[in-house]
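Trainee: I would like a close look at one part of this model, with the rest as context.

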Amino acid sequence: MVLSCVDVRKTFGDHVVLDDLTLSVDEHEVVALIGASGSGKSTLLRCVNLLTGIDDGTIHLDGEEITDPRADPDRVRQRIGLVFQSYNLFPHMTVLDNITLAPVRVHRRPVAEARAQAMQWLERVGLADRAGAYPDRLSGGQQQRVAIVRALVNNPRLLLLDEVTSALDPELVGEVLTMIRDLKGEGMTMVLATHEMGFAKQVADRVAFLDAGRVLEQGPPEQVLGDPVEARTRQFLARII
Ligand code: ADP
Ligand code: MG
């Protein structure tokens, strides 16, 4: 098992955002998180990446408790890539520098090694010729693919994708989804929050429906999306399709 969240509780003031949430992800598995806006998808991903602390419960990565106060967040983040809806590329840095910034500055990897690895990834995703370009010279789809490469350059055990196509023009969504599908083909373990039910159906091994900070229902995409058990899942799907 790569990821195991057990009874994770997260509150903001008296608002319970993750309500004893339990979710595990196996190696090479792709889990799609679906659920209404505000159900806790982004918060869960941020907790897994230790961007925000939890109030109770545990999160294990490869059997190691990363929510242990003694765990080093930088070391944990080296093993977990997270990509947000907005690409967050630094506008004043080239594509290559955007990708190598964290490995070199935070994780103290040799510059040449980080650059070589970044170039390998850019070649794999067909963006090698953009390495020296600044983000504003790239399409939104290309920028988001660069942001995904930036999350992959440390060869993470787990990739977290938070609505990575939501900010894109419709005609640019496909290239990002294709990239994610290719990553699945290479065996990448992923958790992705998405509104794209068609894509969740295609790429996910399992769909988990979040409702008010809990996993209300999970299972194979055909089951959860096609024949959900819970009334709230049916209501959600009826509203978005
Ligand atoms: P989703 O990604 O499923 O739309 P979020 O995880 O973003 O849901 O949000 C879940 C709930 O937590 C929302 O009600 C949101 O307002 C609240 N929330 C998220 N981040 C914060 C924060 N930093 N401070 C206070 N409330 C927050
Ligand atoms: Mg969100």
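Which residues does UniProt give for the feature "domain: ABC transporter", and which residues are around ligand 1?

Mentor: This is a predicted model, and the UniProt record, an unreviewed entry, places the feature "domain: ABC transporter" at residues 3-237. As for confidence, the average pLDDT over the chain is 95, and 100% of the residues score at least 70. The model has an ipTM of 0.98 and a pTM of 0.95.

Now the ligand site. The residues around ligand 1 are F12, V17, G35, S37, G38, S39, G40, K41, S42 and T43. Sorted by class, this shell holds 7 polar, 2 nonpolar and 1 charged residues. The element that gives the most to the shell is helix α1, residues 41-48, with 3 residues.

Helix α1 spans residues 41-48, and V48 also has a place in the largest nonpolar core. That core has 69 residues, and V48 is listed with L33, L159, L160 and V207 as the members that touch the most other members. Leaving aside residues up to four places away in sequence, V48 touches L3, C5, I59, I80 and L160. L160 is therefore a contact of V48 by the 7 Å C-beta cut-off, and L160 is also named among the members with the most contacts in the core. The helix that gives the most to this core is α5, residues 140-152, with 6 residues.

Terms used
Residues are numbered from 1 along each chain as its sequence is written. Chains are lettered from A and ligands numbered from 1 in the order in which they are written. This is a predicted model: local features need pLDDT of at least 70, side-chain atom pairs count only at pLDDT 80 or more; totals for chains, interfaces and linings use all residues. pLDDT is the predictor's confidence in each residue, from 0 to 100. UniProt positions are given in the numbering used here, feature names are shortened, and annotations may be inferred rather than shown by experiment. A residue is near a molecule or strand if its C-beta atom, placed from the backbone, lies within 6 Å of it. Helices (H or I, at least four residues) and strands (E, at least two) are DSSP runs, numbered from the N terminus. Ala, Val, Leu, Ile, Met, Phe, Trp, Tyr, Cys and Pro count as nonpolar, Asp, Glu, Lys and Arg as charged, and the others, Gly among them, as polar. A nonpolar core is a set of buried Ala, Val, Leu, Ile, Met, Phe, Trp, Tyr and Cys residues joined through C-beta atoms within 7 Å. A residue is buried if 20 or more other C-beta atoms lie within 10 Å of its own, exposed if 12 or fewer, and partly exposed in between; C-beta atoms are placed from the backbone. Two residues are in contact if their C-beta atoms, placed from the backbone, lie within 7 Å.
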